[in-house]
Amino acid sequence: MLLNLLYLAIFCTASSSSLSTRNVPVTIDTSNVINIVDKRFLSYTIDTSKYIRKSFVNFSSPRLLTLMSRLSPAVLRVGGTSADSLLYNEHETTSLLLPATVKGILTWDNITALVNATRSTNARLIFDLNQQLRNGTEWDSTNAEKLIKFCSEMDYCNSMDWELGNEPEWYKRNPIRTVLTPQQIGNGYVKLRSILRRYANCKKSSIVGPAVGRVTSYLIKPIFSGFINITGSFLKAATIHHYYFPGPSATKETYMNASYFADLPNLIGKALSLIKASKYPGVPLWFSETSTGYGSGTARVSDRFVSGFLWLEKLGISAARGAKVVCRQILYRGNYALIDGKLNPNPDYWFSWIHKMLVGQKVFAVNLTGLPTPPTTRVYAHCANTARSSYGPGAVTVFALNVDTTTTSFLAFSGPFANQSYDSYLLEPGDPGDVLSKSVKLNGRTLTMLSDVKMPKIVPIGRKAGSTFALPPATMAFLVFPDAKIPLCH
């Protein structure tokens, strides 16, 4: 308690506007696991529009492979708008007359680099195929089968799964694209499954889809529901996309607006209700593409500390409401990338890395009281990740965020946690008080790679049993209760 009060005094001296405090009682129900997420829960994407550029990225870079491996196990989804319109070929040039819809060529070398990178970093590749290559009302699978045949011959399929198309609800916006019905989309997936089963090395590859956006929209609901009814017997996961707002017009205040916290629970609830009402109610829900602001994020905002509030919130609420995998758009280079163009981790990478180390698969319900509407403090609880951290069975990890810019939240834990000591990992902007900082401090020390192949150590601050935790304005924290001895975490 003394350490928390001392920290608060120092913080308030540094920022005279941060004078208010709020007591936030926290109740964690450890009698019931409300969701078990996939071991690859926190995953990431690469947009094919960037990947086909020669200067995009070197997948043999030791630094990049180190950063990818520290987010393992994971899914790497290769997709995006241009995925619908790629051609696959052994070389970059072809004598074929290309349709107007084709936007680029992905070569065998490109595929090999992706597979080698994912294999060496304990990731699994999901490859999004070219649904807009059409033969009348049917998907023209000739070119895709050429790719699948190559992957089978190279024994790549044991590291790959497949998706077909990207956000088909928006095809109508582009006059050179073919608008598809739910039946046509589903038929394409049935055809994809038939092709995979023809190649011995690809028979066990999984299929996910349909990669649609807001299933709360009356335009998208019939696509999602119809698709699952057609493909649910062989579908590994039903995939949706989510963004909170248009990125180009957003500001740092947008990223800290607590009213956006209500957006995602509604979307997840609707998606799960549509799955439950389908012929295949047990199909898992994945986000195969998601970030904060659509349209490539927000320049000089979505790659800064402030982006982490909605990112950690998304991870927390997705797990708590029943999603199994969340693929972050994107891994490398872009306004909302985890890693910048010089292969330096952006703040959201550091938050993701710590989440990977400390947060396990089993999820508990959390109840908070004493908060305004909408709530500016959010708290989530999981069993600790015993595979990636030094914490043993029975331990519990809590992560919290505070978007209030003037009020410190004092988290007071009840039940089995009321008299437990715990380790704290406080995350603040690297530049004090500046949420647009490009760096992150963990317990006062700036996080930075020690070399191309070495990450920093994360050192917690031990807290005495029964002490509240002061979560300062515009900060986040992970708290681990190593001696909680929760039976469901064994």
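Reader: At what angle do helix α9 and helix α10 pack, and how far apart are their axes?
Author: Helix α9 (residues 263–276) packs with helix α10 (residues 307–321) at an angle of about 30°, and their axes are 10 Å apart. The two are therefore roughly parallel to each other (angles under 35 degrees count as such). This is a predicted model, in which local features need pLDDT of at least 70 and side-chain atom pairs count only at pLDDT 80 or more, while totals for chains, interfaces and linings use all residues. Residues are numbered from 1 along each chain as its sequence is written, and side-chain values use heavy atoms, with hydrogens and water left out.

Reader: Which residues make the contact?
Author: Leu264, Pro265, Ile268 and Leu272 of α9 meet Lys314, Ile317, Ser318 and Arg321 of α10 (contact means heavy atoms within 4.5 Å). By class, the contact of α9 with α10 has five nonpolar, one polar and two charged residues.

Reader: Turning to strand β11, how many of its residues are buried?
Author: Six of the six residues of β11 (residues 207–212) are buried, so this strand is largely enclosed by the rest of the structure (buried means under 20% relative accessible area, with a 1.4 Å probe and protein chains only).

Reader: Which strand is joined to β11?
Author: Five bridges join β11 to strand β12 (residues 235–242), and the two run parallel. Pro210 stands opposite Thr239 in β12.

Reader: And Val78, buried or exposed?
Author: Val78, in strand β4 (residues 74–79), is buried, with a relative accessible area of 0%.

Reader: What does Val78 touch?
Author: Leaving out residues up to four places away in sequence, Val78 touches Ile46, Thr48, Leu114, Leu125, Ile126, Phe127 and Asp128.

Terms used:
Axes fitted to C-alpha atoms, helices over the stretch in contact; angles between N-to-C directions. Helix = DSSP H or I, 4+ residues; strand = E, 2+ residues; numbered from the N terminus. Parallel < 35°, antiparallel > 145°, perpendicular 65-115°, else oblique. Nonpolar A, V, L, I, M, F, W, Y, C, P; charged D, E, K, R; others polar. Buried < 20%, exposed > 50% of the residue type's maximum accessible area, 1.4 Å probe, protein only. Pairing = 2+ DSSP bridges.
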